[in-house]
Amino acid sequence: MNKKILTATLIFLSLFSFLSFQENEAAIALEEVSNQFSNGLDELELAVEDLVFAAENLSEAASSKIALQEAIINTRLSYKKTEFLTAYFDPYNTKKNINGAPLLSVEPNVPEVVVIEPTGLQVLDEIIFTDEPFEEKEAIIELAKQFAKDYKTMRNYQSNISVEHRHVFEAMRQELVRIFTLGVTGFDTPGSANAIPEAKAALEGVYAALKSYMPIIEEKSRGLAIVMDARMEYTLNYLEKNSDFETFDRLEFLMQHIEPQYHELHTLHDQLGIEFYEEVDDRPIPVNHHAVSIFAPDFLNAGYFANLDMDHPLMEKRIELGKVLFFDPVLSSNLQRSCASCHQPEKAFTDGKKKSIATDFAGDVGRNSPTLVNSVYADKFFWDIREPRLDRQMLHVVKSDKEFATDYVDIIKKLNQSSAYKGQFAEAYPEHPQYQISTYTISDALSAYVASLNSFDSPFDQYVRGETGVIDPAVKRGFNLFMGKAACGTCHFAPVFNGTVPPLYDESESEVLGIPTTTDTLNPAQDPDLGRWSSGQPRDVTDFYKTSFKTVTVRNAALTAPYMHNGVHETLEQVVDFYNRGGGAGMGMDVPHQTLPFDNLSLTAAEQADLVAFMKALTGDMSKFDIPEKLPAFENNPEWNDRKIGGEY
């Protein structure tokens with residue numbers, strides 16, 4: 001036989017043999033993961049039965065209380081071992097019925113306000129770990145039985161799911177995000193504070209699934225297999241030895257454990273030739289599966305939140321047009337106010353005032369100007385979260401008598417009087433010549449610009465990503481407090497540190513904090529602004545949304561004073577003091593639905609200073625957000641050409 005043909009044949013047979021091996025081993029791996037999932041659900045079912053039994057037999061005896069607490073701990077640990085797949089396959093119901101926050105909510109997408117009472121493991125965790133759970137025996141029994149019922153419903157649904165390789169790898173990475181953002185922060189364990197052992201149980205579930213793929217990984221890259229196996233063991237050992245909630249080093253855990261594993265699982269996913277999300281579904285999603293770091297600038301997809309294709313070939317032109325519009329006071333009725341009047345780049349796109357100045361410079365708009373940097377990462381906008389679409393946010397500003405006090409008809413008329421503007425719109429939106437300057441193109445260009453205002457280049461980001469090896473020890477301590485004892489990270493979720501909830505990042509929260517009108521802590525009075533309750537959205541007209549406001553980012557907070565929706569706090573030190581006192585309720589005000597724990601956090605002066613140091617380390621480079629060199633001219637209205645870039649402040 002010809003030597004070349006022989007060589008080619010041998011190569012083909014070798015490749016065929018490898019592919020056959022891979023296919024066979026892959027099928028075995030998938031079967032093992034499916035069995036792991038099924039066995040885990042069986043274990044959880046037994047734990048649920050024990051929980052119901054312990055609830056029904058609860059007495060005033062100390063041993064009975066301990067038995068009930070052990071039952072909920074065991075149930076939660078069993079759940080955590082399956083969580084990476086359970087929550088991946090049915091995130092809505094696991095949040096609603098299995099392991100959601102113990103807060104009232106409203107049924108979405110129904111024509112009337114339907115209040116949902118919280119149920120599930122977090123609610124049970126909170127109520128069982130009170131000082132006297134026996135006093136709540138009937139409620140505990142009802143909750144335990146309801147959970148058993150909801151679990152069976154979930155189990156029936158999950159049992160019929162066909163697990164695929166892509167599901168496993170996406171679910172494992174998603175669980176790493178969940179462990180870090182909701183697990184070790186204490187979000188998941190409001191009563192028991194059993195956060196670190198639960199993180200270990202969740203990681204054990206991930207590791208068991210990964211082990212099923214080890215024969216394939218070793219065949220593909222023995223070095224990677226050794227590294228991943230050793231890293232998982234290293235992390236589990238770390239969690240075993242460092243199980244105390246208050247002393248747990250979350251920064252070390254993030255940098256030495258979560259981040260490397262998140263990166264390596266992506267590498268493995270890619271090297272094994274398993275398809276990625278976009279290869280089977282073209283719908284946009286919040287999280288970019290190709291980001292290799294939770295703190296990477298591209299971890300979240302700005303286009304998803306803004307409803308824009310950020311990869312569109314004309315996107316840069318649209319962003320540039322949006323920037324010019326943003327700084328042009330021609331959009332306002334008096335040609336004096338622009339978007340930049342209240343959102344100035346050097347102040348992280350805020351204005352430094354307690355409440356932004358109204359369009360006639362007499363009075364204010366009623367609320368503080370929030371930062372626009374990273375503001376795109378939300379599913380609703382404004383302090384009262386009344387608007388679900390970024391492109392429609394502009395409409396509220398245009399029509400408001402206190403802001404632009406005009407309408408799109410007038411704005412379109414003005415812009416059509418500028419050949420320069422007509423040229424820019426034609427270049428950015430050539431597909432519809434007759435509608436180039438329209439409500440759609442104006443709002444779309446402004447949305448594109450706001451969506452581009454992203455900043456993940458702070459000293460803290462650079463340190464976490466390994467781009468710099470030095471950071472102030474106070475920042476490290478502050479981060480650990482923020483994500484642990486001080487409980488900031490249970491509302492301001494990493495990496496944006498706003499209210500957009502991980503690991504899916506598809507819902508943004510608001511909170512009732514009991515914001516006062518002044519900094520007088522001895523005689524506090526609650527601010528009368530009803531917030532979300534008065535947003536104009538029928539779904540929000542329920543008592544527990546009264547005085548509820550959007551959880552905005554603390555990134556760049558060093559540049560955005562004063563703080564809160566009413567600008568009551570002038571410094572970050574005052575903000576931390578407010579939270580340390582337990583918010584409005586902690587200061588003695590009547591705040592019946594406060595979502596912030598009203599007990600004193602007992603932070604020392606040094607700890608409060610460390611928290612401030614951490615928040616200041618989240619300050620990005622605002623100089624990259626340049627302003628237009630000049631505004632487009634208006635040939636027939638020369639007096640308009642004297643307008644100020646950015647308008648009057």
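Let me begin with Phe180, which, once its neighbours within four places in sequence are set aside, is in contact (heavy atoms within 4.5 Å) with Thr185, Arg250, Phe253, Leu254, Ile258, Phe295, Phe479, Met483 and Ala494. This is a predicted model, in which local features need pLDDT of at least 70 and side-chain atom pairs count only at pLDDT 80 or more, while totals for chains, interfaces and linings use all residues. Residues are numbered from 1 along each chain as its sequence is written, and side-chain values use heavy atoms, with hydrogens and water left out.

On confidence, the mean pLDDT (the predictor's confidence in each residue, from 0 to 100) of the protein is 94, and 97% of its residues reach 70 or more. Over residues 6–21, however, the pLDDT is below 50, and this stretch has 5 contacts in the model beyond near neighbours in sequence.

Now the second largest pocket, where about 900 Å³ of space lies; the volume is the space filled by probe spheres set on grid points joined across faces, edges and corners. A pocket here is an open set of points on a 1 Å grid over the protein atoms alone, where a 1.4 Å probe fits, with protein on both sides within 12 Å along at least five of seven lines, and lining residues have an atom within 4 Å of a point. Of its 46 lining residues, the closest to the centre are His343, Phe382, Gln393, Val397 and Glu403. Which element gives the largest share of that lining? Helix 14 does, with 6 residues.

Finally, two single residues. Leu596, in the loop between helix 21 (583–586) and helix 22 (605–616), is buried (under 20% relative accessible area, 1.4 Å probe, protein chains only) at 14%. Not counting residues up to four places away in sequence, Leu596 touches Val512, Leu513, Tyr579, Gly582 and Gly583. Asp610 lies in helix 22 and is buried, with a relative accessible area of 9%; with the residues up to four places away again not counted, Asp610 touches Ala474, Arg477, Gly478 and Leu481.

Methods. Helices (H or I, at least four residues) and strands (E, at least two) are DSSP runs, numbered from the N terminus. Buried means under 20% relative accessible area, exposed over 50%, partly exposed in between (1.4 Å probe, protein chains only).
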